[in-house]
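Have the structure open while you read.

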Amino acid sequence: MEDDMEALISELDCARSLAKEQESFFNSISHEMRTPLNAVVGYLQLLQNTSLTSQQDEFCRSATSAAQSMLLLINNLLDIARLEAVGKLPVAFETFDPRKVVKASMMTVRPQASDNGVTLAAVVDGAVPENTLGDANLIQRVLINVLANAVKFTKNGNVEIFTSFETHSETKGLMNFIVKDTGRGLSEVELKQLFQAYSQAKHSKGGSGLGLVICRQLINQMGGTIDLFSEGLGRGCQCRFTVELDFVPHVTQDHDQVPKGDILVIGKRNTQRESIIQMLRFFGVHFSTVEDVIQGKEMLKSNSFTCGISVDEEISAIDLGTIPTPVFQSPTWNPSRNTKLNYGPDPLDLSSCRTWLHNLKPLEDSRVNLSHDININIETPAHRLLLVDDVALNRKLLVTLLRNAGVNDVDVAENGTQALQMSSSTNYGLILMDCIMPGLSGYEVTKLLRQNEQYSKVPILGITADAYPSNAKKCKEAGMTEVFTKPITLSTI
């Protein structure tokens, strides 16, 4: 009996040891594959911001699209290998805003969408909480895979995302995602095969056949469901998936302080208009809508609105000089370069929406009280920034991205030891720290810096190629303020 017990314990120890080795292997492979891809995506983005001929711009956009496709493939291959080896992927539980997940997913597939002539749009229902608890990374991976599939099967059409939330209790609910496309659609036989590993639709333009298989396993792990629907060839597809999440209830504004008709939304009924409307509903802002831009102009002349938001491009061709209230253009459409309208709020960025609403100059009886939600005293850090990365290509890329974002006071350290030496002689206000470096790792350097009173509260932002939740946890345990996964782009900076 004792011999059997010892043998069992030995087998368990071996299993744990093997699991740790597999974890280390997947982390290492993720780092080695994503690090050079970070440079490819970053430099392509920098190139796009330079003066290019139309042909060069087309080449650059195609290369960016290919790089994003490669990143998706790398993620899927690593995920399927991990699933086959361990049986599941680690799930993290952290607070996140679902709108940011939707926006980041759209940004990832936008190059491919542009190549296919596909217009992307999203509506997040006003009832969706700002703070939910779950694995934002895994949800985003699922959404990116679903969007990439929709874009792949759609040519010169539309792909739309609709996000809603069903409250089940005071702190729990079900997040619903629906992705609709106007693509070629799928037959009944193809629908049955799509959730099988290595299987593809008959007219699929490449792909590994792994995306939806991984999606289903990830969604199952998070207590949700995923299904794909199509009414047949030529009628598009609809993918729906749900995730169970905890949430923090949103405290709405005092509606008595916001008169009805405070903001006028101008434009025909479409996804862009609905997106703006749902944002206003989230904040409890009263609004009116009008489809005709000429009628909208006349309504704004009444001086009874705080402002107008237009989702109709025709507004840019109308003389608005006689209107006493400001008119903004929705950032969800691409206006003429000659337009003199200012951009309105991005409905997928609640922080910018708060700032925009707060900065409006409404009539005396029409004020939006958002002071408890935002801090308007934004100060620029007075100290220098320290960038720590052992790869010269990445250092050059990040310095260029920072300078393009207006951050010029940047010092560079090539390893952990040099970072400690430089931080002892210079007072840095922000540190960007690569996690994996030879010698002292970013984790170790961060722990040592946190022991110094001078750096006990300085933001240290980790940069990693390891996209798994276990690494994010490791970064937080080391004392990093936040962690960003490669590839790092200008929008991330």
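This is a predicted model: local features need pLDDT of at least 70, side-chain atom pairs count only at pLDDT 80 or more; totals for chains, interfaces and linings use all residues.

## The second largest cavity

How much space lies in the second largest cavity? It's about 40 Å³. Helix α7, which covers residues 271-282, gives the largest share of this lining, with 4 residues. Sorted by class, the lining has 5 nonpolar, 3 polar and 2 charged residues.

## The largest cavity

In total, the structure has 2 cavities of 30 Å³ or more. The largest cavity holds about 150 Å³ of space. Its lining is made of 14 residues, and the ones nearest the centre are N149, A150, D181, L228 and C237.

Which element supplies the largest share of that lining? That's α4, with 3 residues. At least two lining residues each come from α4, β5 (172-181) and β7 (237-248). By class, you'll find 10 nonpolar, 2 polar and 2 charged residues around the largest cavity.

## α4 again, now with α3

Helix α4 (residues 136-152) also packs against helix α3 (residues 98-115), at an angle of about 30° and with the axes 9 Å apart. On the α3 side, the contact is made by V101, V102, A104, S105, M106, T108, V109, Q112 and A113. On the α4 side, look for A136, I139, Q140, L143, I144, L147, A148 and V151.

What classes of residue make up this contact? There are 13 nonpolar and 4 polar residues, and no charged ones. As for handedness, α3 and α4 cross in a right-handed way.

## α11 and α12

The crossing of α11 and α12 is right-handed.

Which residues meet here? From α11 come G416, A419, L420 and S423, and from α12 come V445, L448 and L449. In this contact, 5 residues are nonpolar, 2 are polar and none are charged.

Terms used:
Residues are numbered from 1 along each chain as its sequence is written. Side-chain values use heavy atoms; hydrogens and water are left out. A crossing is left-handed if the near helix is turned anticlockwise from the far one by less than a right angle, and right-handed if clockwise. Contact means heavy atoms within 4.5 Å. Ala, Val, Leu, Ile, Met, Phe, Trp, Tyr, Cys and Pro count as nonpolar, Asp, Glu, Lys and Arg as charged, and the others, Gly among them, as polar. Axes are lines fitted to C-alpha atoms, for helices over the stretch in contact, and angles run from 0 to 180 degrees between N-to-C directions. On a 1 Å grid over the protein atoms alone, a cavity is a set of points where a 1.4 Å probe fits but cannot get out, and a pocket is an open set with protein on both sides within 12 Å along at least five of seven lines; lining residues have an atom within 4 Å of a point. Grid points are joined across faces, edges and corners, and a volume is the space filled by probe spheres set on the points.
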